[in-house]
Amino acid sequence: MTPTITPTTEAPIKDYRAPLRFWHWGNSLLVSLQLITILFQEVIVDARSAVPEFQETMAKENIALTVKQASSLTHILSERIWEWHIYFGWAMVAFFVLRVWLELRGPSELRFSARLLEVARRYRLAPAADKSEAGKVLFAKSTYALFYSFLIVMVISGVMLIYRNDADFLRSIKHEVEEVHNFTMYLILGFFVVHVVGVVWAELTKDHGLISRMVGGEAPKR
Ligand code: HEM
């Protein structure tokens, strides 16, 4: 019997299976919703800056509110927004667990690490003329590794913030955790911009159909 040699990897790099697409769009939606909650919290509602408005409105009714009283009213608004941030946060935790599960137990075509290794292998084996193109693909995939690390930080720091007043240790580091959570948001925003520009650029130049493959999952013709 002729022995068969199993290929080193089965990971496709250009098509996206249904669980990957579900995860990608679900997670993008949740990250966008989280960013929107922050937009409302910090810019649109900005409860802290509404304190004088509350005082002025009540003064018209001959009610004199102290800053502390007005703050406790505006606090109700910001708490409502945080509640939604936490609901979406738990949904992000669930998506994160799903991603870890796919990575550990899923087939190679669903594993990010397998896809990354495959792209790295193609870069290594590419002839000199194709090296630059293969390098761009490898760079794009490597930015996703960065994104996953931001996601890990966001999910862990978010859960720590939910329980920050429930344990002495968490209470003692809560300001640092807030800083990390806040700072990582800017990294995620940066990724978001680079990712969208990169994908649109690829679609318009070399990789026509990339976006529709990520939506509809049509396999590329090889
Ligand atoms: C991309 C996703 C996310 C973004 C952009 C984001 C952004 C932020 C920002 C900017 C803050 C304010 C931090 C500060 O006080 O300086 C915050 C607070 C918080 N975040 Fe997130 N976050 C995200 C995901 C999560 C997740 C996954 C969780 C939970 C699992 C979470 C839970 C919290 C909690 C509990 C707070 C504190 C709310 C409060 O002050 O009552 N966040 N988030």
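Reader: What is the handedness of the crossing of α4 and α5?
Author: In this predicted model, α4 and α5 cross in a left-handed manner.

Reader: At what angle do α4 and α5 pack, and how far apart are their axes?
Author: Helix α4, residues 112–125, packs against helix α5, residues 128–162, at an angle of about 155 degrees. Their axes are 9 Å apart. Because angles over 145 degrees count as roughly antiparallel, α4 is roughly antiparallel to α5.

Reader: Which residues meet there?
Author: On the α4 side, they are Phe112, Arg115, Leu116, Val119, Ala120, Arg122 and Tyr123. They meet Ala134, Gly135, Val137, Leu138, Lys141, Tyr144, Ala145 and Tyr148 of α5. By class, the contact of α4 with α5 has eleven nonpolar residues, one polar and three charged.

Reader: Now α2 and α3. At what angle do their axes cross?
Author: The crossing of helix α2, residues 51–60, with α3 is at roughly 110 degrees, and the axes come within 9 Å. An angle from 65 to 115 degrees counts as roughly perpendicular, so α2 is roughly perpendicular to α3.

Reader: Which residues of α2 meet α3, and what classes make up the contact?
Author: Val51, Phe54 and Gln55 in α2 meet Val67, Ala70, Ser71, Leu73 and Thr74 in α3. This contact of α2 with α3 comprises five nonpolar and three polar residues, with no charged ones.

Reader: On to the ligand. How many residues are around the ligand, and which come nearest?
Author: There are 22 residues around the ligand, of which Gln34, Gly89, Gly158, Leu161 and Asn182 come nearest.

Reader: Which helices supply that shell?
Author: At least two residues of the shell come from each of α1 (18–44), α3 (67–105), α5 and α7 (174–204). Helix α3 gives the largest share, seven residues.

Reader: And by class, what does the shell around the ligand have?
Author: The shell has 15 nonpolar residues, six polar and one charged.

Reader: Last topic: what domains does the assignment give, and how far apart are their centres?
Author: The domain assignment of the protein chain gives domain 1 (15–85) and domain 2 (111–213). The C-alpha centres of domain 1 and domain 2 are 26 Å apart.

Reader: How many residues does each domain contribute to the shell around the ligand?
Author: Domain 1 and domain 2 each contribute at least three residues to the shell around the ligand.

Notes: Residues are numbered from 1 along each chain as its sequence is written. This is a predicted model: local features need pLDDT of at least 70, side-chain atom pairs count only at pLDDT 80 or more; totals for chains, interfaces and linings use all residues. Axes are lines fitted to C-alpha atoms, for helices over the stretch in contact, and angles run from 0 to 180 degrees between N-to-C directions. Helices (H or I, at least four residues) and strands (E, at least two) are DSSP runs, numbered from the N terminus. Angles under 35 degrees count as roughly parallel, over 145 as roughly antiparallel, 65 to 115 as roughly perpendicular and the rest as oblique. A crossing is left-handed if the near helix is turned anticlockwise from the far one by less than a right angle, and right-handed if clockwise. Two residues are in contact if their C-beta atoms, placed from the backbone, lie within 7 Å. Ala, Val, Leu, Ile, Met, Phe, Trp, Tyr, Cys and Pro count as nonpolar, Asp, Glu, Lys and Arg as charged, and the others, Gly among them, as polar. A residue is near a molecule or strand if its C-beta atom, placed from the backbone, lies within 6 Å of it. Domain bounds come from an automatic or database domain assignment.
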